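Today I am opening my notebook on aromatic rings. Here is the structure I am looking at.

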Amino acid sequence: MMQDLLVSRGIIFCIVGTLLSGIVGLGGSTSFWHRASQALLVLSNVIGILAAVSFFSSGADTLPLFRLPFLFHTTFVLDKLSGLFFLMTTTVTSLVGLFALRYVEGYRESYNIRALDMTAALFIFGMQTVLLTTNIAAFMLCWEVMSVASFFLVMTDREEASMKAAFLYLTMTQLGASALIAGFFLLSHGSGLVDFATIASTARMLPASTIVFAFALLFFGFGSKAGLVPFHLWLPEAHPRAPSHISALMSGIMLKIALYGFLRVVLFLLPPLPAAAGLVVLTIGLLSGLFGVLHAVVDRDIKRTLAFSSIENLGLIFAMIGLGMYANSIGLDALAGIAVAAALFHSANHALFKSGLFLCAGAIVQETHTHRLEAMGGLAKAMPLLTGAFCLLALAASALPPFGTFFGEWTFLEAIIGALPKSPLPTKGILLITLSGVVLVSGLAIFAMVKLFAIASLGLPRSVAASHAKEPTVWINAPILIFVALSLLAGISSSYMLHALSPALIGFLPARASSMTVATGRLSPPALFLLLLIVLVLTVMVTRLCGNRLRRSSHVWDCGQPVDASMEYTATAFSSPIRFFFRFLLHHRKTVTSVPLVANNPWIAKHSMSVNADSVWFDTLYGWIASLLLWLSTQAKRLQNGIIQFYLLLIFLTLVLSLLVAV
Amino acid sequence: MSLSAFLIQGIVVLLLAPFSTGCARLFKARLQGRSGASPFLPYVRFATLLRKEMVIANTTSWVFHVTPIVVVSTSVFAATSLPLLSDAGAPGGLDNFIVFSAILALGSVFLVLGGLDPGTAFGGMGSSREMTLASLVEPAMITTFAAFAVVSGHSDISGMLNVGGAALLQYPSLIISLVALGLCTLAENARYPVDNPATHLELTMVHEAMILEYSGASLALLEYASSLRLTVFSLLIANIVVPLPLFSAALSLPSVSVTIAAAIVKLVVAMLLLAILESSIPKMRFYRMQEYLSVTYFIALAGLVFSLIPLS
């Protein structure tokens, strides 16, 4: 009892402290107020971490926190699922707050720091509370606090492109939110004050068609927030425009909140869905993974690459969940359990490495004053500590051992292969497609991450600003290094964590698989880590003993002509094989223009090549929708003919019509 | 596997690695009408390189120094964990096939980083190509081994040897997977038709372009890593085809010596086959690699699909 009280006090302190930190940030524009605000943010979120951890160690399934009568009589409750996501949120937030302490001060001229601190606090507050709400109205209210605050955060630097990205984001997020409201109302017979437990029991009585329709609406709502293809358009525009620590929160946490909402709906609220629903989620997930990773490979902007990689990772997570839903509906309980556990584990890992990578990108952009990978280079020499952390996080993002991401994907693949021989024929086909999709995406993800790290940090500096870059302060580096350590820790403890995340323990699928837990096979992550370490140390020792220690520094092998940065491989050149191999999917248009230098000789010409890497979605699907809407509004414009009697007639008709509908 | 079996396998494979490269070069020279050098020449070469002074490009960073160590470590990891001489299975399930392909990918990643670090066009070109190959071969590798895993019911490579040898005839689909494994091996080891291991012509090279800036002990490590990788792959395929003389956890002098002798024979045969292949086909243009890689992948997938169809 005592522990429960402490946990709920801790969580209340965390939420209130987050909100207060925003108010403190509003206090003044000197750096004292900013630092005080971020310190309070870090402190309250560290307390949130402790509270969430002790909630898990207490073993309780649910913990009611408090009840707000003025806010739709909602009770705030912590359970295992929301506890997991709450832990992710507070962990990332506290490190991001630590990073923002000094990072934001570098942008004193371009950002309004008071507004930034306040909006960021509101954004985090929205994400924390949306996890704890238990009725529709409160959920949507907190969801909107999160969405609207992040809308303002995207246009922090008040540039034209940021405004544009922010409004695109607002449009998509409001479309998603309206779909969510519609979906929830379908389930609750049009009442917003129903709590989730009631919905879960009444939804079983609804006709199947209503359930499927509600599921489609909710999937669109959460999926568009999670950046799934084809509703992803806003993500690569909006995430990179926000300040980097906010990008870290948006990619690392906000996308996970969408995932949480989806899991809450599918696994707790809706009755068992038909197998086709799982297949739709699986297909959309694999598509997002493939499109996200291909664009991450070919993109040339450091933060856009990370944003595309988020689409890829969320795609993989949704593919895992989709396969889990499908496996559950056809009775493959073991596969379903592992798929869901792997999805949760992957999302925890993604929260760690992607937030860390965005912070790295922020630190690098602050030093080099550019987002373009083509203008970076040579950073590893100038900032060894930061690029070392960057390298390790990029390895974690490529799902290579010994990081947690690898073990998550490994468990998933192993489960698929284990289920292959025993399953019926159509399921075999689906499992094979999933297997091929996931391995292709994870192979290409390595390419994308290597490109990101190598082009930014290795070689010669490609711009003057990049050559002046220097190691950031310890305040910037420390949170990034903690993210690296956490990613490694997740790898070493992955079999324990995967076990703890198995559906039976986290509280899903209560009726069907009560006793099932995830077994992680024979592979032992600590043994892998240990052998790698031993081999590495032995190699270093043997080389030290046998090798000649003499070293001479010289210029690179240059065929007699000095090598400079313009001869280096760029991001475009590096990813050119993949762009060529997958040209039927990427639709990049390469244009070569030739200008003759000598009037009478066409062969002596200056050639310039440009690659148009715009998304195909703007031209096709969204282009059609836009032209349809434009056409409709042109037609509607005919009503505005300027005759007052006609307008009065329209008002009268509207009145009659609404009375008819109402009565 | 007991620790001593583990150690014996590691040491023997590490010692045999230069010999296999030497054999491949000798056979290739003989097939092409040259007399060729002794198969033991690589030992001398590594010893010479280790004693030489290193020339380090002044544009490099810490990545350049970390690369050889990580690359050789991944090869050593594979050499110790896989069932190359002993079929007892590594402790902690480290001979899992997904771990194997991921460890290989880790080595490739660092090779790529080392190639890009000096900032030359050669290194960049080799790195871009190697990364493309590595990221597209990994799916094919996993799919290939998935077929073995499905048939044998084990995801550890030591368990997959149960369906090797004569048992391959009971599961003909695995022969397709074996072909795919051979194609993956050629791509992973930078051999024909993917890469030419003997050239320094900028249009054709992949692996050599990345290690162009390395010298002295670092170069020795990188070249040793690639011959170790070749040895590991050769012994692995040989063991799937002929899984016979392997020592188990209970060590005895006769079994260990027979296994080592058999391993040498397997390596010589494998290198002879490789030399015949490399002398009879041309290298493919790099921008046709997607054909090679997709063929590899689809052969691997075909092997997996056929192994799922029950034979009755």
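Below are my entries on ring pairs and on charges over rings.

Entry 1. I note at the start that this is a predicted model.

Entry 2. I picked one pair to follow, A:Phe219 with A:Phe262, and found it tilted, with 5.4 Å centre to centre and 50° between the planes. Where do the two residues lie? A:Phe219 is in helix H8 (residues 208-225) of chain A and A:Phe262 is in helix H10 (residues 244-269) of chain A, so this pair ties together parts that are 43 residues apart in sequence. I also looked up burial: both A:Phe219 and A:Phe262 are buried.

Entry 3. A:Phe219 has another partner on my list, A:Phe318. I read 6.3 Å centre to centre and 45° between the planes, and this pair is tilted. A:Phe318 sits in helix H12 (residues 302-329) of chain A, 99 residues apart from A:Phe219 in helix H8, and the pair links these distant parts of the chain.

Entry 4. Are A:Phe219 and A:Phe318 buried or exposed? A:Phe219 counts as buried because its relative accessibility is 7%, which is under the 20% cut-off. A:Phe318 counts as buried too, at 0% relative accessibility.

Entry 5. I then found a cluster in chain A, where ring pairs link A:Phe139, A:Trp143, A:Phe184, A:Phe196 and A:Phe222.

Entry 6. Last, I turned to charges over rings. The charged end of A:Arg264 sits over the ring of A:Phe268, 4.7 Å from its centre.

Methods: Residues numbered from 1 in each chain as written. Chains lettered and ligands numbered in written order. Predicted model: local features only at pLDDT ≥ 70, side-chain atom pairs only at ≥ 80, totals over all residues. Heavy atoms only, no water. Phe/Tyr/Trp six-rings, centres within 6.5 Å; stacked < 30°, edge-to-face > 60°. Helix = DSSP H or I, 4+ residues; strand = E, 2+ residues; numbered from the N terminus. Buried < 20%, exposed > 50% of the residue type's maximum accessible area, 1.4 Å probe, protein only. Lys NZ or Arg CZ within 6 Å of the ring centre and 35° of its normal.
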